[in-house]
Amino acid sequence: MNEETINVEVAYALPKEQKIIALKVEPGTTAYEAVKLSGIERMYPQINIESDAMGIFGKAIKDPKTTVLKEKQRVEIYRPLIADPKEARAKRAAKLKAQQAAQQ
């Protein structure tokens with residue numbers, strides 16, 4: 001690596017654990033390359049950097065292989081959703097409605 005580097009982070013979160021790895025990378029490094037360089041998939045074998053969604057500071061990126069990182073950006077690796085958010089909200093609303101009806 002040459003003297004000209006930028007500081008970036010790679011993050012992965014589980015329900016009870018979060019890992020953030022700080023890296024110095026060359027300008028022009030993509031989100032995908034930073035994740036690969038971080039070695040995070042060796043720590044968390046469930047990560048599939050070829051198919052898992054990624055984002056930068058909570059905003060999804062379409063193609064991690066072409067998204068070039070800037071100084072102090074954090075690449076986040078997203079876990080697949082366990083439940084569809086719309087279905088989960090609908091179930092909670094139905095449960096609340098049933099509870100309210102039972103109280104009347």
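1. Let's start with aromatic pairs: the structure holds one. Tyr 12 and Tyr 44 make up this pair, with 5.2 Å from centre to centre and 50 degrees between the planes, so it is called tilted. For the terms, rings of Phe, Tyr and Trp (its six-membered ring) pair if their centres lie within 6.5 Å; planes under 30 degrees apart are stacked, over 60 edge-to-face, and the rest tilted.

2. The pair links distant parts of the chain, 32 residues apart: Tyr 12 belongs to strand β1 (residues 6-14), while Tyr 44 is in the loop between α2 (40-43) and β3 (54-56). Helices here are DSSP runs of H or I with at least four residues, strands are runs of E with at least two, and both are numbered from the N terminus.

3. Are these two tyrosines buried or exposed? Tyr 12 is buried, because its relative accessible area is 4%, and Tyr 44 counts as buried too, at 8%. Buried means under 20% relative accessible area, exposed over 50%, and partly exposed in between (1.4 Å probe, protein chains only).

4. A quick word on where this comes from: the model is predicted, local features need pLDDT of at least 70, side-chain atom pairs count only at pLDDT 80 or more, and totals for chains, interfaces and linings use all residues. Residues are numbered from 1 along each chain as its sequence is written, and side-chain values use heavy atoms, with hydrogens and water left out.

5. Have a look at Tyr 32 as well: the charged end of Lys 65 sits over its ring, 4.8 Å from the centre. To count, NZ of Lys or CZ of Arg must be within 6 Å of the ring centre and within 35 degrees of the ring normal.

6. Next, Ser 38, which is part of helix α1 (residues 31-38). Its relative accessible area is 9%, so Ser 38 is buried. Which residues does Ser 38 contact, leaving aside neighbours within four places in sequence? They are Val 10, Ile 21, Leu 23 and Met 43, where contact means heavy atoms within 4.5 Å.

7. Now the whole protein. It has three helices and five strands, and along the sequence they follow the pattern β-β-α-α-β-β-β-α. Of its 104 residues, 30% count as buried. Among contacts between residues at least 6 apart in sequence, 49% join residues at least 24 apart.

8. Finally, the overall dimensions: the C-alpha atoms fill a box of roughly 70 × 25 × 20 Å, taken along the principal axes.
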